[in-house]
Amino acid sequence: MVEGTAEALNPEQKITQYSLTQWGHRDGLPSTAIYAVAQTPDGFLWLGTSDGLIRFDGLRFVQVSLSNAGDVAFGRVQALKMDRPGAIWIGTESGSLVRMKDSSMKMVMLHAPIVAIGENADSSIEVETSDRLLRLDPSSMEIKSKDGDPVPENPDSNRAPPSSGRSREGAASVCPQCASLGIPSSLLRRENLDWSQIHKAISDHDGNVWIATRESGLFRVARPGGSSSAAPKIDRLSTNDGLSSDSVWDVFEDREHNLWVATQNGLNRLRDDKFSIVTRRTGLLSNDISSLVAVKSGVFAGSNFGLNRVTTTHSETVLHGSIFSLAGASDGSLFFATSLGLSQLKDGKARLLPLGVDVTHITVLLQGSSDELWFYDQDKGLYRWREGHTAIRVIDPSLTNKSISLMVADSGGRVWLGLTTGGIVLYDGVGFRTFTEADNLPGGLLHSISAGSDRGVWIASERGLALFTGDRVVSWSRKNGLPGNRVLWAVPTPAGRLWVGYNIGIASMRIEDLLHAESDAHFLVPYDFYDDGDGLKANPEQRGSTPVAVAPDGRIWLTTSEGLATIDPAHLRKNLLPPPVRILQLTADDAEVALKNSITLPPHTHRVEINYSGLSLTDSRKVSFRYRLLGFDPQWSQASTRRFSTYTNLPPGSYHFEVIAANEDGIWNETPDRLAFTLAPAVYQTKWFFALCILALLLAGIFLVRLRVRSAADRLRLGFEERLDERVRVAQDLHDNLLQEVMGISLQLEIADELTPPQAAGKPILRRALQLSESTLTHGRGALTTLRSTALTGQDIRQALTLAATPFSEERRRVVEYNIHGTELPMGAGVAEEIVQIGREALRNALQHTEGTVHVDIHYAPSRFRLVIDDEGKGISSPVLESGVPGHFGLRGMRERAARIASTLTIQPMARGGTHVQLSVPARMAYSGFNTTSGLWTRLMTRWTGRKRPATEASPDE
């Protein structure tokens with residue numbers, strides 16, 4: 001239990017002035033017959049009732065099962081006791097004794113109704129049943145010693161029975177604790193209270209003794225005052241005072257010093273509030289107070305029934321008769337108006353004042369700093385009067401046809417007049433000045449005007465609060481953070497705070513904060529608010545011109561709908577005990593989840609709700625909470641009185657919920673209650689599923705890229721097929737026309753050669769022409785063969801390259817070395833032609849620029865075809881490699897041809913000298929009959945089975 005301080009019940013107040021709150025069936029209490037009350041260290045209040053055990057957090061009652069099975073067979077609980085380790089012992093009428101701590105529970109049967117439970121100095125538990133006393137071990141619950149005889153009529157006074165005063169019928173003296181608490185039997189006899197009527201007697205934190213009786217209600221024996229010889233003062237609280245029943249079974253003081261009274265007809269709480277209430281119960285002539293004023297001799301309240309002098313504990317009647325208005329005099333006396341006129345109460349004597357005018361209905365009174373008395377008669381108007389003179393009528397255009405409801409004098413001697421129309425008239429000793437809404441007054445009906453010590457004047461009206469600072473009017477309303485717009489009154493205090501009356505309660509705020517809000521439109525004024533939870537039992541109400549008064553001791557007195565209320569701003573009773581906070585329930589999609597160490601919520605949980613409670617029993621409605629969900633909330637939430645938090649559509653993960661609470665006076669508990677839970681992910685929310693999705697996207701991307709490449713290759717192949725058709729047409733034309741004509745020319749040249757004598761001068765020329773025609777015919781037939789071919793072998797490529805070296809000398813042609821590597825695969829004619837053309841250009845460049853050997857290597861591989869030509873020359877320079885030789889386009893043509901067949905052409909100088917040229921052609925482009933439709937599965941199965949495919953079944957990846 002968190003230690004702290006909280007004030008106990010004030011013994012100076014009457015028992016009927018304490019705040020009394022009741023709970024019954026309509027408040028959710030399952031059974032109103034309550035026999036025992038206890039409080040556990042976590043702050044919960046436990047009630048033993050005729051229908052079992054009840055747990056109470058100040059707002060909600062929860063029935064608690066007394067078995068681990070969780071059944072609802074409750075039965076009557078007659079005794080409760082919390083031991084020092086913090087366990088609660090429960091005794092039932094059926095003889096069940098239960099020890100409960102946290103969520104663990106242990107039970108033993110004693111086979112007799114349990115009347116009371118106590119704890120001895122050695123921590124053993126003493127149980128009183130209907131016929132014996134038993135002592136039990138607190139851990140094992142085994143009976144340590146047993147008295148088989150009935151409970152004695154006169155028990156040893158040194159050992160109080162655990163009932164703490166619970167009596168038996170016919171017993172002569174069964175309340176030993178009464179004597180130990182200093183309550184003599186003579187005092188009880190004086191109150192006609194027999195020992196047999198006493199159920200319980202306790203002493204509270206402040207030294208008062210409380211006695212619960214069988215049929216006479218609750219008694220308080222107040223702590224003696226200064227003299228110990230003074231007779232104890234005893235008060236009684238009964239059903240006539242609001243107690244739920246005169247049959248009181250138990251009385252209990254909680255950790256905050258509230259007093260709980262368990263009766264036959266409900267639960268009651270007594271507490272000492274911030275407000276003291278004065279009503280007809282404490283001597284007021286009437287609860288309808290029309291005027292209120294504070295002077296040096298005290299606080300006076302006027303009504304239609306007379307005049308009272310009031311204190312926090314009682315009211316004294318000064319005179320009878322209807323009082324219209326009151327005002328304080330500068331000499332400490334009191335002015336009051338009746339139907340007879342204006343009178344003065346001084347030194348306990350009243351006299352009628354000689355005003356010199358006939359006025360019988362004075363509703364507003366004021367004595368200014370110049371000892372001049374101002375008064376307003378509803379029938380005759382406004383007057384000024386000084387002792388020894390005749391009252392003078394005050395006439396001014398600003399007051400013509402106007403009714404005055406308020407008058408006040410400020411510290412500078414100026415007189416402020418409040419009009420029923422909502423305007424204000426200021427008399428500064430020279431003339432009158434009128435203020436309206438045009439001067440920034442809030443507007444609406446004017447309720448009160450109060451003067452401060454700094455010449456400032458506070459104005460309370462129907463539409464807000466205003467301050468006249470000396471040269472202008474500043475106003476505030478709900479938009480500045482105030483509790484409301486309808487302000488009944490406002491009074492400043494020397495501590496720099498302003499107390500403001502509303503019909504729903506009283507607010508206290510710093511004047512400094514109000515001025516800050518006037519300059520900063522976004523600043524909301526912080527304030528403390530007091531209402532019925534603080535003892536203000538009735539609503540503040542204005543019935544006359546003076547609804548509030550500040551006494552010389554600083555107390556604020558105010559009129560309410562039922563009597564008077566008073567509060568002391570300098571000595572507010574403050575609850576300094578921070579409330580424990582407990583998480584009570586976790587629901588996932590409206591299904592309750594058991595609170596345990598490891599909580600895992602199922603996937604697809606959309607709504608998580610966490611219920612909690614702050615255990616401050618003084619005013620549970622004002623307990624505020626702040627919470628956060630670690631892993632989701634970036635910071636603590638704003639303070640709120642809501643007792644649950646809801647989260648929707650949380651992502652999967654581990655979370656830690658924390659909540660803290662503050663009591664009604666804003667004292668926060670710094671130790672949060674925590675709840676950890678994990679929201680399990682759905683299959684599609686797991687990391688491995690995310691990884692598979694990424695992998696699938698990557699594979700899809702690869703597939704799309706390969707598909708695009710394959711599509712480009714197919715388009716290229718279609719182009720090659722078109723070129724092949726063109727080659728066929730060209731081959732036909734070459735065969736049918738050109739070669740036939742060249743053949744005819746060759747035959748004619750042979751005939752001419754035969755007919756020409758050897759010694760003829762043209763014989764060599766003719767023979768040379770014949771050789772050229774034969775060569776042309778040979779080349780034409782080779783070209784025709786190439787054009788007609790659908791597939792080329794390595795030998796075809798070698799032959800084509802050999803022909804490219806024909807223009808060079810025999811010696812240069814011999815330095816070319818040809819090598820074929822790998823198993824030959826048929827080459828597609830269109831691609832092979834591009835390969836041959838690239839090879840021819842590379843070979844001619846090598847023969848032209850080198851004196852050494854030229855190596856031509858043809859590589860066949862399942863994945864690609866490579867043609868490599870290396871020479872032993874000087875190499876190729878970087879400028880030539882990048883831009884070529886001006887006027888020559890061999891290198892550019894080679895690169896363009898390589899691009900057309902989606903191949904890679906590498907031309908680079910070698911470290912040892914010479915140039916390296918390599919053409920790499922993908923298998924799907926190079927080889928004839930390559931299967932473009934074979935998929936990954938086919939290739940994998942082929943590799944798995946080890947089946948060797950023919951060249952025509954090569955896959956794109958090979």
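Predicted model: local features only at pLDDT ≥ 70, side-chain atom pairs only at ≥ 80, totals over all residues.

Reader: Which element gives the most to the lining of the second largest pocket?

Author: Several strands each supply at least two residues of that lining, among them β4 (52-56), β8 (96-101) and β56 (673-679). β49 (581-588) is also one of those strands. With five residues, the top contributor is β49.

Reader: How do the residues in the lining of the largest pocket divide?

Author: The largest pocket has a volume of about 1400 Å³. Of the 49 residues that line this pocket, V408, A409, S450, A451 and V550 are the closest to its centre. The lining residues divide into 29 nonpolar, 16 polar and four charged.

Reader: Now K274, please: is K274 buried or exposed?

Author: K274 is found in the loop between β20 (266-271) and β21 (275-278). Its relative accessible area is 12%. Buried means under 20%, so K274 counts as buried.

Reader: With which side chain does the side chain of K274 make a polar contact?

Author: Leaving aside neighbours within four places in sequence, K274 is in contact with Y530, D534, T566, I567, R573, E664 and D665. A polar contact between side chains, at 3.0 Å, links K274 to D665.

Reader: How far apart in space are K274 and H571, C-alpha to C-alpha?

Author: In sequence, K274 and H571 are 297 residues apart. In space, their C-alpha to C-alpha distance is 9.0 Å.

Note on methods: Residues numbered from 1 in each chain as written. Heavy atoms only, no water. 1 Å grid on protein atoms, 1.4 Å probe; cavity = no way out; pocket = protein on both sides within 12 Å on 5 of 7 lines; lining within 4 Å. Points joined across faces, edges and corners; volume = space filled by probe spheres on them. Nonpolar A, V, L, I, M, F, W, Y, C, P; charged D, E, K, R; others polar. Helix = DSSP H or I, 4+ residues; strand = E, 2+ residues; numbered from the N terminus. Buried < 20%, exposed > 50% of the residue type's maximum accessible area, 1.4 Å probe, protein only. Contact = heavy atoms within 4.5 Å. Polar contact = N/O pair within 3.5 Å; in protein donor to acceptor, adjacent residues only side chain to side chain.
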